[in-house]
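Let's take a walk through a protein model together. Have a look at the picture first, and then we'll go through it piece by piece.

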Amino acid sequence: MWAYVDETGKTLNNLFDEDQPLYSTAAFITKTNFDLVAKGNIAAIAKKVGMDALHANVLGVAKIEQIAPDLLKLLKKTDCSFFVSRVEKKYLAACKVVDVYFDQGENKAVPWAVYWTRKLRLLVTFKMAKFVVTPEIAAIVWDCVTARSDFTSKKHFVQAAEAMLHNVQFVPDARSRKIITEALEWAIENPEEFSTHMSEKALRYQHSPNFVAFTNLLDGLQDASERWKRSVREIVHDAQAEVEQVFATWHATISKPELANAEPFSWLGESKPFMIQKVTGSTFRTATEEESAGLQVIDVVLWCFMRIFSGKEIGQETAKLLNWVVHRAYQHDFSFEGVGRQVEAEIGKIMDADMTEEQLAEGHKLSADMEAQRQALVRAIFRS
């Protein structure tokens, strides 16, 4: 199978642009090489509106409305699906705060389960976002992880931790206040224990919405591969000079053929095993719309989707095209709303489940033992 990937805007590490609160990337997924078999068809559709290639922002609503029936007719002949990865930048900022300060591998004051159990980590993320992290603090943390020097990074790291420590009083439950307070106090006392700085500019783009959306999209392509029982042959991505190498390096890392037989592993409390490898054996390349018919299709589709997300109008024929696409599309929603719904459903099942007295007692004992170990470790570190 082949995938043609486009994205919205040039966000990179500009996380706090109020005009672009969301970032999305989308894939047009086919069972044949669309660039090869449909190049002539797309060229003919573009010629119909006086264009050499389909560029949605150049075409505009009126010309897309003209060609929408032709695109729909062509896509109906194509065995295809779509995947959209959406990133809410405010949610990414909140996740970055938790990853920087609460990673239990670096912050010894954080209980192991609070960070490494996904559901508990997400609960902390939501509490931090609601009661502790202000937009100003989030911006300081972002400056910390994108700083050019380690000295500047650590300066922002301590500054943000001190500001958050002042706001912990607003967290409603005592247990969370204790965990957050001790984590921030330990961070302020031991900033050298935290890996907050990346020396290479290209690596700092791994914090960007672009990179987060790309990794989520590769998960989506892997799922499509498993549904279709077909391997991913090629991923063609719209050319993005600043992050091309970052994308290519990440793709090469997780798609190595030797990872095909790697054993999956399970996170605590998660039912679905985590697969190390993704889109194994596939190739990755970048291209322009002029060079790829598939990129022209996803450019038009994503542009129209973003108009709908922004509350703007599209034509009736375009709406028919998007309605057909929606019924063949999967989505990953990295946002407060999307992740919140998922966590609420998962925790609800746990809270509603019946437990025996023996299970409850075992759970209390395990929790007490882990807390005793954490407190002993924190005391030992502070004494040293």
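Is Gly281 buried, partly exposed or exposed? With a relative accessible area of 46%, Gly281 is partly exposed. Here buried means under 20% relative accessible area, exposed means over 50%, and partly exposed is in between (1.4 Å probe, protein chains only).

Before going on, a word on ground rules. This is a predicted model, where local features need pLDDT of at least 70, side-chain atom pairs count only at pLDDT 80 or more, and totals for chains, interfaces and linings use all residues. Residues are numbered from 1 along each chain as its sequence is written, and side-chain values use heavy atoms, with hydrogens and water left out.

**Around Gly281**

You'll find Gly281 in the loop between α12 and β5. Helices (H or I, at least four residues) and strands (E, at least two) are DSSP runs, numbered from the N terminus. Not counting residues up to four places away in sequence, Gly281 touches Val232, Ser255 and Pro257; touching, or contact, means heavy atoms within 4.5 Å. Gln20 is 261 residues from Gly281 in sequence, and their C-alpha atoms are 35 Å apart in space.

**The whole protein**

Zooming out, the protein has 16 helices and 6 strands. Its C-alpha atoms fill a box of roughly 75 × 50 × 40 Å, taken along the principal axes. A compact globule with 384 residues would have a radius of gyration near 21 Å, and the protein has 24 Å, which agrees. That radius is taken over C-alpha atoms, and the globule rule is 2.2 Å times the number of residues to the power 0.38. Buried residues make up 49% of the 384 residues. Take the contacts between residues at least 6 apart in sequence: 77% of them join residues at least 24 apart.

**A strand on the inside**

Now look at strand β4 (residues 234–238). Here 5 of the 5 residues are buried, so β4 is largely enclosed by the rest of the structure. In a regular strand the side chains alternate between the two faces of the sheet. Both faces of β4 are covered: Glu234, Val236 and Asp238 are buried on one side, and Ile235 and His237 on the other.

What runs alongside? Strand β1 (residues 2–7) is parallel to β4 and joined to it by 4 bridges, while 5 bridges join β4 to strand β5 (residues 283–287), also parallel. Two strands pair if DSSP finds at least two bridges between them. Val236 of β4 stands opposite Tyr4, and its bridge partner in β5 is Arg285.

**Rings in pairs**

Rings of Phe, Tyr and Trp (its six-membered ring) pair if their centres lie within 6.5 Å; planes under 30 degrees apart count as stacked, over 60 as edge-to-face and the rest as tilted. By this rule there are 16 aromatic pairs. Here are two of them:

| Pair | Centre distance | Plane angle | Type |
|---|---|---|---|
| Phe28 and Phe34 | 4.9 Å | 85° | edge-to-face |
| Phe214 and Phe247 | 4.3 Å | 15° | stacked |

Phe214 lies in helix α11 (residues 209–228) and Phe247 in helix α12 (residues 244–254), so this pair ties together parts that are 33 residues apart in sequence. Phe28 is buried at 0% relative accessible area, and Phe34 is buried at 1%. Ring pairs also link Tyr4, Phe28, Phe34 and Phe82 into a cluster.

Charges can sit over rings too (NZ of Lys or CZ of Arg within 6 Å of the ring centre and within 35 degrees of the ring normal). The charged end of Lys31 sits over the ring of Trp228, 4.8 Å from its centre, and Arg121 lies over the face of Tyr115, 5.4 Å from the ring centre.

**The nonpolar core**

In soluble globular proteins, nonpolar side chains tend to be buried together. A nonpolar core is a set of buried Ala, Val, Leu, Ile, Met, Phe, Trp, Tyr and Cys residues joined through side-chain atoms within 4.5 Å. The largest one here has 47 residues, and those with the most contacts inside it are Tyr101, Phe102, Met128, Val133 and Met164. Helix α4 gives the most to this core, with 9 residues. Leaving aside neighbours within four places in sequence, Met164 is in contact with residues including Val97, Tyr101, Ile137 and Leu184. Apart from this core lies another, of 40 residues, among them Ile42, Ala46, Leu54 and Ala56.
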